[in-house]
Each structure stands twice: as C-alpha cells, then as structure tokens.
Amino acid sequence: MMNYLLPIAAVLSGLIFAILIKPRKKSNLKLFLAFSGAFLLSLTVFDLLPEIYEKSPSGEVGIFIMLGIFFQIFLEFFSKGAEHGHVHANKDTSSFPWLLFASLSIHSILEGFPLHMHESLVLGIVIHKIPIAIILSTFFLDQGISKVKVVILLVLFGCMTPIGSLLSENISFLEPYLTQISALVIGIFLHISTIILFESSEGHTFNIRKLLVIAFGVVTAYFL
C-alpha cells in the first residue's frame, strides 16, 4: 500500500510547498535536484541494474535499457525537460500545456511498473518527485493557471505512478514482459538522473556545495 501512497504524498508535498513558500531562489532547488539525481542514479546502479541482469543475463536487457534512454529523449520533445526540472513559463499564454502533462504522465506510469519488483525504487521516485512537483507547480502558477486547476492536475500527476503499479500487478498479459519494461525504466532513470546532475548548476560547472550534495545522495542510496 505504501508503494501506492508515497508517490502521491511526494507530489502533494511539493505542491503544498510551492503554494505556501513560493520558492524563487533557484540555487537551493537545484541542489535538491542534484541530490535527487545522484540518489536516483546510485539506486539504479547499486540495486536495479544488478537485479535486472540477475533475472535476465541476456543482451536483451541492454537493448531495452538503451530503448528507455531514447524513449525518454523522445518524451522530452513534448515535456521540454520537465522530468529533470527544465521548464520555463510563457507569460504570454495561460493555456494549459497538455503535451507536457501527457508526456509526464506516460513517464510516471512507466516508472510505476517495476515498483513491486524493486522495493527500494519507491524511495528514489519519492525523492525525485518532490522537487519536480515544486517546479511543475511553480511553472503552472506562473502560467496563470488557477490554484484549483493546479491542485487537480498535480493530484492526477501524483496518481500516475500508482496507476502504473496497478497495471503491472493486475494485467496478466503484461507479466511476461515486466523484465523488459523494468529495463526500459532503468534507461529512463539513467537518462534523467545524469541530465539532472549536469543541469543542476549554471553553466554546467561544479562547485563544492553541489559536490557535497551529490556525494550525500550517493552515500544515502548505498546504505539504504
């Protein structure tokens, strides 16, 4: 049950923070993103990759990991990089960016598929979703979208990962392909987490605070 509730709670936490605090200092949020990227990448390398290759040592796993990387690149043509915090408000229009929401929803549904097979994954998703929810909520509010609509849309967004988990556990014809889907998701995580690490500071330069935050993310993932 917690695997279903925690991703929703993470998105709602980010939403509440964005509405109440209205963060404007991007440097602190980028450090939070750097931590989430390091944590997600480390979790993928320490846990998900060994598990997936143990279940299926064939080269097919590598093919689906690469497909996941390319599929995420394709989704980002529509999301404009919102999965790793790269969104900018267009104050000239208040229309809702449906393509962005759709691509994020597809991404979230997919990441929910392997949750019941990789228990540690839920922590990575939670830590990843909090800063993304803050950024998305701030983006939608800056677009002039009403708070009521933003709340509804973020709740829907939060439900996508549990929907993916429900589909993977209850649709029988998907069961033979769960290893391939997990490999696809690993590719998505590898792409997103590495992009976060390179985009979390201005000019793609490293500084001591960012290095410490990344190291903390790696160490935390290792011991969890």
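Predicted model: local features only at pLDDT ≥ 70, side-chain atom pairs only at ≥ 80, totals over all residues.
The structure contains 7 aromatic pairs. In one of them, the ring centres of Phe46 and Tyr222 lie 5.4 Å apart and the ring planes meet at 80°; planes over 60 degrees apart count as edge-to-face, so this pair is classed as edge-to-face. With a relative accessibility of 33%, Phe46 is partly exposed, whereas Tyr222, at 55%, is exposed.

A second example is the pair of Phe139 and Phe140. Their ring centres are 5.6 Å apart and their planes stand at 50°, so the pair is tilted. Phe139 is buried, at 8% relative accessible area, and Phe140 is likewise buried, at 2%. Beyond these two pairs, Phe35, Phe39 and Phe216 form one aromatic cluster.

Attention now turns to helix α4. This helix spans residues 98–112, a run of 15 residues, and the distance from its first C-alpha to its last is 21 Å, close to the 21 Å expected at 1.5 Å a residue. Its buried residues are Leu100, Phe101, Ser103, Leu104, Ser105, His107, Ser108, Leu110, Glu111 and Gly112. The elements that cover these buried residues include α3 (60–79), α5 (121–142), α6 (147–170) and α7 (178–199).

Methods
Residues numbered from 1 in each chain as written. Heavy atoms only, no water. Phe/Tyr/Trp six-rings, centres within 6.5 Å; stacked < 30°, edge-to-face > 60°. Buried < 20%, exposed > 50% of the residue type's maximum accessible area, 1.4 Å probe, protein only. Helix = DSSP H or I, 4+ residues; strand = E, 2+ residues; numbered from the N terminus. Expected span 1.5 Å × (residues − 1). Contact = heavy atoms within 4.5 Å.
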